[in-house]
Amino acid sequence: MSTPSPAALPIRRLTLRDLPACADLSENRGWLREEHKWGLLLTAGNGYGVDDPAGGLVAACVVTTYGPPGRTDLAAVGMVLVAERHARRGVGRRLMRHVVSSAGATPLTLYATENGRPLYEELGFKVTGRAEMLCGRFEQQETPSRVATRAATAEDLTAILRLDGEVFGADRTPMITRLPAFADQLCVAEDGGEIIGYAAAWPNMDTHVVGPLIARDVETAKALVSFLAARTDRPLRTDIDVRHGELLTWLKQRGLASVAFNAVMTYGIAELPGDWTRRFAPLTVAAG
């Protein structure tokens with residue numbers, strides 16, 4: 001009996017039981033295993049995968065949907081991976097066509113590498129922005145910020161959700177309410193008792209990823225990053241919207257270096273909802 005083509009194998013929903021196979025797939029393509037992140041995505045989002053008859057996964061991706069209960073306003077696609085031995089055989093294209101078809105009229109967004117961008121453009125995604133990944137050991141500035149920052153508490157969650165929905169442009173309560181358990185640090189910035197920004201630092205291998213980073217202005221964003229950096233001995237990693245040039249320059253002056261660029265792409269909408277001027281970094285590029 002002949003072995004079926006990988007592009008003809010069935011697509012199924014992934015669960016937390018597939019986390020080791022997802023991490024193996026990441027490693028197979030030269031990515032970090034990122035089991036902590038995979039765990040969040042598989043619980044807060046919907047994973048899709050193709051099983052390899054020889055064991056493991058041929059391909060996988062995760063779709064995270066946002067909106068109030070009963071309605072999806074936006075879906076983020078991430079972690080689109082095809083095993084090296086099955087690359088360039090149409091598996092990734094078929095998986096993405098399944099995602100687009102399943103989304104129906106729901107707008108989609110994703111962060112694309114240079115290698116992945118041609119496929120997404122072929123499927124109808126348009127480049128609407130760009131993000132720069134930075135990584136390095138943060139060097140604190142001598143003059144402390146005048147913006148008031150502190151660790152977030154359970155009582156702050158309602159205000160954080162309200163601010164996040166306003167800035168992100170869609171309700172992502174199921175994701176944000178997981179932050180206190182997922183992140184090692186969650187902090188807020190205040191002005192007169194009003195929360196004007198918040199940020200998290202979550203563990204990813206030997207780094208702490210800063211995201212989400214939402215702030216009233218660049219000075220608030222700087223204060224939040226400084227607060228998080230002062231409480232970790234790990235290098236920081238983050239993905240900053242390139243329109244925030246002042247913050248990018250400041251981060252590089254503080255010791256972070258450019259690692260890569262990703263194209264922000266959308267399908268079904270001309271640009272992302274919300275307020276980009278206050279949205280500095282995503283929680284993770286895999287979830288928007």
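I start with the second largest pocket, which has a volume of about 330 Å³. It is lined by 23 residues, and those closest to its centre are Asp241, Arg243, Val264, Leu272 and Arg279. Before going on, some ground rules. This is a predicted model, in which local features need pLDDT of at least 70 and side-chain atom pairs count only at pLDDT 80 or more, while totals for chains, interfaces and linings use all residues. Residues are numbered from 1 along each chain as its sequence is written, and side-chain values use heavy atoms, with hydrogens and water left out.

Now the terms. The search runs on a 1 Å grid over the protein atoms alone: a cavity is a set of points where a 1.4 Å probe fits but cannot get out, a pocket is an open set with protein on both sides within 12 Å along at least five of seven lines, and lining residues have an atom within 4 Å of a point. Grid points are joined across faces, edges and corners, and a volume is the space filled by probe spheres set on the points. Helices (H or I, at least four residues) and strands (E, at least two) are DSSP runs numbered from the N terminus.

Back to the second largest pocket. Strands E5, E6 (126-136), E11 and E13 (279-281) each supply at least two residues of its lining. E6 gives the most, with four residues. By class, the lining divides into 11 nonpolar, five polar and seven charged residues. Here Ala, Val, Leu, Ile, Met, Phe, Trp, Tyr, Cys and Pro count as nonpolar, Asp, Glu, Lys and Arg as charged, and the others, Gly among them, as polar.

Next, the largest pocket. How much space lies in it? About 1200 Å³. Its lining has 42 residues, of which Trp31, Val80, Leu81, Thr113 and Gly116 lie nearest the centre. At least two lining residues come from each of strand E4 (74-82), helix H3 (91-103), strand E5 (108-112), helix H4 (117-122), strand E11 (236-241) and strand E12 (257-267). E4 has the largest share, six residues. The classes in this lining are 24 nonpolar, 10 polar and eight charged.

Now the helix pair. Helix H8 (residues 218-229) and helix H9 (residues 245-253) pack at an angle of about 30°, with their axes 10 Å apart. Axes are lines fitted to C-alpha atoms, for helices over the stretch in contact, and angles run from 0 to 180 degrees between N-to-C directions. On the H8 side, Val218, Glu219, Ala221, Lys222, Val225 and Ser226 meet Glu246, Leu247, Trp250 and Leu251 of H9, where contact means heavy atoms within 4.5 Å. That contact has six nonpolar, one polar and three charged residues.

Is Ala221 buried or exposed? Ala221 is buried, at a relative accessible area of 0%; buried means under 20% relative accessible area, exposed over 50%, partly exposed in between (1.4 Å probe, protein chains only). Leaving out residues up to four places away in sequence, Ala221 touches Leu213, Ala215, Leu247 and Phe280.

Helix H2 (residues 35-44) is mostly covered, with seven of its 10 residues buried. Those are Lys37, Trp38, Gly39, Leu40, Leu41, Leu42 and Ala44.

Last, the backbone. Gly211 and Pro212 are joined by a cis peptide bond, with omega about 0°, and Pro212 is in strand E10. Met79, in strand E4, has a positive phi near 55° without being a glycine, and is buried at 6% relative accessibility. Arg88 is also not a glycine and has a positive phi of about 60°. Arg88 sits in the loop between E4 and H3 and is exposed, at 73% relative accessibility.
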